[in-house]
Amino acid sequence: MLAGLDGAQNLVAMASQAPLAGADGDVLAQVIAAGGRLRSSVEALLLAATSAMEACRAGSGRAALRNEARMSARSASRKAAVSEQISQMPNVARGLACGALTIEHVEVLADTARRSSPDVVDATPELLETAAKASPDVLRRQARDFLAQHDAAAAESQLSRQRRERSAALFIDDETGMGVLNARFDPVNFALVRQAVENYNDALWRQDGGRDGKPGAVRDNRQRLADSVFEMLTNRNALAVWQQPATVPGGAAPALGGLPIASAPGPSSVPSVPREPAAVLGGAAPAPLNPPAASAPEMPAVPGECSVPAVPGDGVGISDGECRSVNQWAPAQAPNQLVIVADIGVIDGTAPDGRCEVLGAGPVPTSILDNLSPDTRITGALFAGPGRPLWLGRSRRHATAAQQLMIAVRDRGCVLCGKPMHRCRYHHIDEWDADNGKTDIDNLAALCTDCHNSLHKAGQRLCQDPANGHWSTQKRSDGLSPRKRPASPRIAAGRSPP
């Protein structure tokens, strides 16, 4: 066996030195696919050998991974823990060995088995089919559903524990001198925090040039994310605050080391904005990715959030550097979309183990419904039955609010990578221009911006397996990317393809 492994390693080493520059894209994709299957087989071998060593002497497998495979102590411990679970899951082990599963899928299944039972996970066809067809992110979402359905009491106690363990830390890193903000939230609150920060970050990206410019020349995405948090917390423009002194009543701005210290506007300087309740039970659809500019600076938010509008020139003596660069928050930039989806049986008590989840956070205990405010907006959704018309044909191109809500409830995020709905747009499967597609609910699917752009650039189309509902992509039959097609008058006027 060792001789065969040495021979295989030499073959792969020679293949890696073959000239690939200029090769056809389809050929390179096949090379990557073959390399992925080979990697899975190697991972299966490592897990099997580690499990055998650990069975003989505890700790010996971890030591071999560190010393012989030259892994870090953390990676070796993680790999040994996965090998322990997989040794009790023959179906998963075979899937990894033949290349049908990746090590990322196996790690998700192993973690699920640790929280429930290896035998149950290994015998659940829905999880194995998702692992074979979908991305690890989509599998992780389904695994959370699986755990919530099989142990509701554990989900309840886990959410309570997560809320107790929320924490934040503010400190100066002694080595770099950088200030560090570190915070941990329970998944429900984090869904709102993440949506707010990422949408603000997206607004800054568009302001820096977006797809048609060079936003990386202004700042990279990690810097932009840090600036988003800074502006949301301080109500100041992250780039301008260091470029001009802040005016303070009665004199010039103080300085420290030659840098101006911007003064914070006082409570009387910034008027409060009327708030609207935002907890939604099957409520308003997530706003479009590129909404029209807001006509008023109001920023809807969740109950308990601080009311600080971003209006330049509101306060006495406040300079432009003290106003956040996104001066008016459009609906898509406001943290006002907490959507709870629950089966009717959960609400009326006839099926307490039914679906109950927060979009973007995953399954939550049904007790969360007890804490909803009386003015929570409730929307009923009927599937496979008559109801509000969601089929618009060619009468309009963009999805309505009702359609957006139904897509959010149905798809729960990007159908390809699992990113949350607030990062998604509503894609025509049969495309509006290329295929004369219709704006019908069964011709629309949620795709995040990255997957949407990749789909068009690669000249692919979205397709769904009718047997199991899994989504994938395939080459368009005409072989052309929609981005290279002659622009229709609507697109030429500045509207992006679906």
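Biologist: Where is asparagine 235 found?

Modeller: In this predicted model, asparagine 235 sits in the loop between helix 13 (221-234) and strand 3 (255-256).

Biologist: How should I read its phi?

Modeller: Start with the general idea. Most residues other than glycine have a negative phi. Now the case here. Asparagine 235 has a positive phi, near 65°, and is a residue other than glycine.

Biologist: Is asparagine 235 buried or exposed?

Modeller: Asparagine 235 is buried, at a relative accessible area of 9%. The cut-off for buried is under 20%.

Biologist: What is the phi of arginine 70?

Modeller: Arginine 70 is not a glycine either, yet its phi is positive, about 55°. This residue lies in the loop between helix 3 (60-67) and helix 4. Arginine 70 is exposed, with a relative accessible area of 74%.

Biologist: Now the helices. How do I describe a packed pair?

Modeller: Two packed helices are described by the angle between their axes and the distance between the axes. Take helix 6 (residues 103-115) and helix 9 (residues 136-150). Their axes come within 9 Å and cross at roughly 10°. That makes helix 6 roughly parallel to helix 9.

Biologist: Which residues of helix 6 and helix 9 meet?

Modeller: From helix 6, Glu104, His105, Val108, Leu109, Thr112 and Arg115 take part. From helix 9, the residues are Pro136, Leu139, Arg140, Ala143, Phe146 and Leu147. By class, this contact holds seven nonpolar, two polar and three charged residues.

Biologist: How do I read the spacing along a helix?

Modeller: An α-helix has 3.6 residues a turn, so residues three or four places apart point the same way. Look at helix 6 with that in mind. Its contacts with helix 9 include Glu104, Val108, Thr112 and Arg115.

Biologist: How far does helix 6 reach from its first C-alpha to its last?

Modeller: Helix 6 has 13 residues and reaches 18 Å, close to the 18 Å expected at 1.5 Å a residue.

Biologist: Which residues are buried in helix 6, and what covers them?

Modeller: Ile103, His105, Val106, Val108, Leu109, Ala110, Thr112 and Ala113 are buried. Their cover includes helix 2 (25-56), helix 4 (73-86), helix 5 (90-97), helix 7 (118-122), helix 8 (125-133) and helix 9.

Biologist: On to strands. How many residues of strand 1 are buried?

Modeller: Zero of the six residues in strand 1 (residues 167-172) are buried, so strand 1 lies largely in the open. Strand 1 runs antiparallel to strand 2 (residues 179-184), and six bridges join them. Phenylalanine 171 has valine 180 in strand 2 as its bridge partner. The hairpin has six residues between the strands, and there glycine 177 takes a positive phi near 75°.

Biologist: How many residues of strand 10 are buried?

Modeller: Five of five, and strand 10 is mostly covered. Cys424, Tyr426 and His428 point one way, while Arg425 and His427 point the other way. Strand 10 and strand 11 run antiparallel, joined by five bridges. Cysteine 424 stands opposite cysteine 448 in strand 11.

Biologist: What covers the buried residues of helix 16?

Modeller: The cover includes strand 10 (424-428), strand 11 (444-448), strand 12 (460-464) and strand 13 (471-475). The buried residues of helix 16 (residues 449-457) are Thr449, Cys451, His452, Asn453, Leu455 and His456. Glycine 459 follows helix 16, with a positive phi near 65°.

Biologist: How many helices and strands does the protein chain have?

Modeller: The protein chain has 17 helices and 13 strands. Of its 498 residues, 38% count as buried.

Notes: Residues are numbered from 1 along each chain as its sequence is written. This is a predicted model: local features need pLDDT of at least 70, side-chain atom pairs count only at pLDDT 80 or more; totals for chains, interfaces and linings use all residues. Side-chain values use heavy atoms; hydrogens and water are left out. Buried means under 20% relative accessible area, exposed over 50%, partly exposed in between (1.4 Å probe, protein chains only). Helices (H or I, at least four residues) and strands (E, at least two) are DSSP runs, numbered from the N terminus. Contact means heavy atoms within 4.5 Å. Axes are lines fitted to C-alpha atoms, for helices over the stretch in contact, and angles run from 0 to 180 degrees between N-to-C directions. Angles under 35 degrees count as roughly parallel, over 145 as roughly antiparallel, 65 to 115 as roughly perpendicular and the rest as oblique. Ala, Val, Leu, Ile, Met, Phe, Trp, Tyr, Cys and Pro count as nonpolar, Asp, Glu, Lys and Arg as charged, and the others, Gly among them, as polar. The expected span of a helix is 1.5 Å times one less than its number of residues. Two strands pair if DSSP finds at least two bridges between them.
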